[in-house]
Amino acid sequence: MRATIFALSSGGLPSGVAVVRLSGEGTRQALEEMAGALPVARQAALRGIHNRDGVLLDRGLVLFFPGPHSFTGEDCAELHLHGGRAVVQAVLDALAGFAGFRLAEAGEFTRRAFLNGKFDLTEAEALSDLIAAETEAQRRFALANAETRHRALYDGWRRTLIQARAMIEAELDFSDEEDVPGSVAEQVWNDVTALHRSLRTHAAGYRNAEIIREGYRVVILGAPNAGKSSLLNALAQRDIAIVTDEPGTTRDALETALDIDGAKVILTDTAGIRENPGRVEALGIERAISRAKDADLILVLEDMSAEDTVEAPADAPSLRVGNKADLPAKDRNQRDYDFEISVKSGEGIDALLAELRKRVGDATRNATEILPFRQRHVQLIEEAARHAKTAIASEDTPLELRAEELRLSADALGRISGSIDVEDLLDTIFSQFCIGK
Ligand SMILES: Nc1nc2c(ncn2[C@@H]2O[C@H](COP(=O)(O)OP(=O)(O)OP(=O)(O)O)[C@@H](O)[C@H]2O)c(=O)[nH]1
Ligand SMILES: [K+]
Ligand SMILES: [Mg+2]
């Protein structure tokens with residue numbers, strides 16, 4: 001018999017209310033013994049909750065969700081307790097005393113729901129994202145993904161591949177006969193070629209999903225004393241980085257997360273870049289350059305009252321920002337800035353922020369599009385694309401082998417949403433969930 005699992009499903013204690021969730025065959029027995037008779041299905045009942053020796057542990061709401069119409073598909077229950085540590089511990093201890101009961105592992109409720117066909121893998125992953133969501137864009141994206149839209153897309157593509165393979169196999173079966181229409185194969189390869197293109201485009205959308213889920217990365221780069229740390233503090237509206245008039249103050253990359261119009265932005269302050277740095281500083285500069293290479297936007301900051309300049313790494317999107325507009329400028333007409341600001345007086349900061357807003361908004365606008373949103377998805381899409389490509393490209397290869405490539409391509413797509421066997425993936429996927437989910 002499969003264990004009955006239980007866990008505290010609500011957040012940290014103490015809290016106003018704590019919800020302990022159960023799932024499995026033993027659920028009825030536990031409710032009967034701990035809370036008297038079983039409550040009416042899906043209706044909250046106020047009950048005394050006892051341990052197995054009949055000692056009252058708490059009074060709270062008890063809900064019973066008989067399977068299969070429950071979250072996991074099994075018999076489930078919720079105990080809404082007073083959110084004290086001792087209350088919750090006593091109830092968990094009592095539950096652990098039933099034969100065949102144990103604490104749920106991370107993501108185990110959702111895993112059971114998946115195994116019982118309550119939703120597919122991408123939906124399950126989206127639920128985990130919904131719980132992790134901190135910004136509006138993350139919430140919207142996760143909620144839109146917690147529908148069958150990924151499966152619908154991938155299953156549609158799989159059908160195309162399966163159809164193509166069927167046509168090729170039909171052609172093989174009839175190849176001795178004279179009246180096989182020769183254009184069939186051509187149409188099939190056109191379809192697969194179009195599909196291959198769609199797979200590549202879809203895979204490329206991952207970067208957008210990453211920006212929504214992980215944040216839009218802005219890196220501030222510049223010579224020592226340009227005012228990088230001052231700018232970070234100004235944009236974050238908090239004193240996060242140390243500011244002094246000593247060049248080389250910041251030695252290491254320093255990150256902070258901002259919420260800009262509902263989107264997550266990771267702002268990174270870096271060590272000032274200069275020739276002949278000290279040993280620690282040199283490491284900091286290396287790190288600054290490596291962060292800048294991964295950035296969605298680099299703010300190249302320059303002290304307009306000083307001589308030092310820094311070049312942004314090629315092909316990274318960047319803005320040239322001149323700082324210290326409050327001071328007399330040095331041969332300024334030779335320099336060309338996108339923005340001139342003074343962190344000290346606040347001049348120009350709003351305009352810079354407006355530009356940031358616009359760029360972040362553009363990058364996260366497609367939070368409602370269907371994008372791959374896990375590295376896992378991209379790997380499988382790329383695998384599918386590779387097999388499709390091999391099938392298309394290898395004209396000299398026997399048709400049987402090309403048909404096999406189409407099957408492999410379809411299978412890779414099927415593994416994304418779990419339409420085909422994914423047993424081997426489940427441990428990795430669900431272990432990233434939280435306990436009680
Ligand atoms: N006058 C003036 N001074 C500024 C302005 N912005 C920053 N400063 C000053 O410039 C000095 C250096 O500022 P930081 O923010 O530490 O510069 P940084 O680029 O982080 O420097 P490092 O970490 O050493 O590379 C400090 O004394 C700041 O107060 C500004 O807009 N105007
Ligand atoms: K400094
Ligand atoms: Mg600094």
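Two strands are said to pair if DSSP finds at least two bridges between them, and helices (H or I, at least four residues) and strands (E, at least two) are themselves DSSP runs, numbered from the N terminus. The structure described here is a predicted model, in which local features need pLDDT of at least 70 and side-chain atom pairs count only at pLDDT 80 or more, while totals for chains, interfaces and linings use all residues. Residues are numbered from 1 along each chain as its sequence is written, and chains are lettered from A and ligands numbered from 1 in the order in which they are written.

Strand 7 (residues 216–222) and strand 10 (residues 297–303) run parallel and are joined by five bridges, with I220 standing opposite L299 of strand 10. Helix 10 (residues 279–293) packs on the sheet, where it touches strand 7, strand 9 (263–269) and strand 10, and its direction makes about 140° with that of strand 7; contact here requires that C-beta atoms, placed from the backbone, lie within 7 Å, and axes are lines fitted to C-alpha atoms, for helices over the stretch in contact, with angles running from 0 to 180 degrees between N-to-C directions. The sheet is open and has six strands in the order 8-9-7-10-11-12, with mixed pairing. Strand 8 and strand 12 (339–340) are its edge strands, each pairing on one side only.

The UniProt record, in an unreviewed entry, places the feature "binding site" at S229 and T250; such positions are given in the numbering used here, feature names are shortened, and annotations may be inferred rather than shown by experiment. Although these residues are spread over 22 residues of sequence, they cluster in space, the largest C-alpha distance being 7.6 Å. S229 is found in helix 9 (residues 228–236), whereas T250 lies in the loop between helix 9 and strand 8 (254–260). A residue is buried if 20 or more other C-beta atoms lie within 10 Å of its own, exposed if 12 or fewer, and partly exposed in between. S229 counts as buried because it has 24 C-beta neighbours inside 10 Å, and T250 counts as buried because it has 23. When neighbours within four places in sequence are left aside, the contacts of S229 include T250 and D269, and those of T250 include S229, D269 and G272.

Ligand 1 is surrounded by 23 residues, of which the closest are G227, S229, S230, T250 and G272; a residue is near a molecule if its C-beta atom lies within 6 Å of it. Helix 9 gives the most to this shell, with three residues. The shell divides into six nonpolar, 12 polar and five charged residues, where Ala, Val, Leu, Ile, Met, Phe, Trp, Tyr, Cys and Pro count as nonpolar, Asp, Glu, Lys and Arg as charged, and the others, Gly among them, as polar.

Strand 1 (4–8) is largely enclosed by the rest of the structure, because five of its five residues are buried. Both of its faces are covered, with T4, F6 and L8 buried on one side and I5 and A7 on the other. Strand 1 pairs with strand 6 (residues 101–103) in the parallel sense over three bridges, and with strand 2 in the antiparallel sense over four bridges. Helix 3 (residues 108–115) is likewise largely enclosed, since seven of its eight residues are buried, and their cover includes strand 1 and strand 2 (15–23).

Methods. Two residues are in contact if their C-beta atoms, placed from the backbone, lie within 7 Å.
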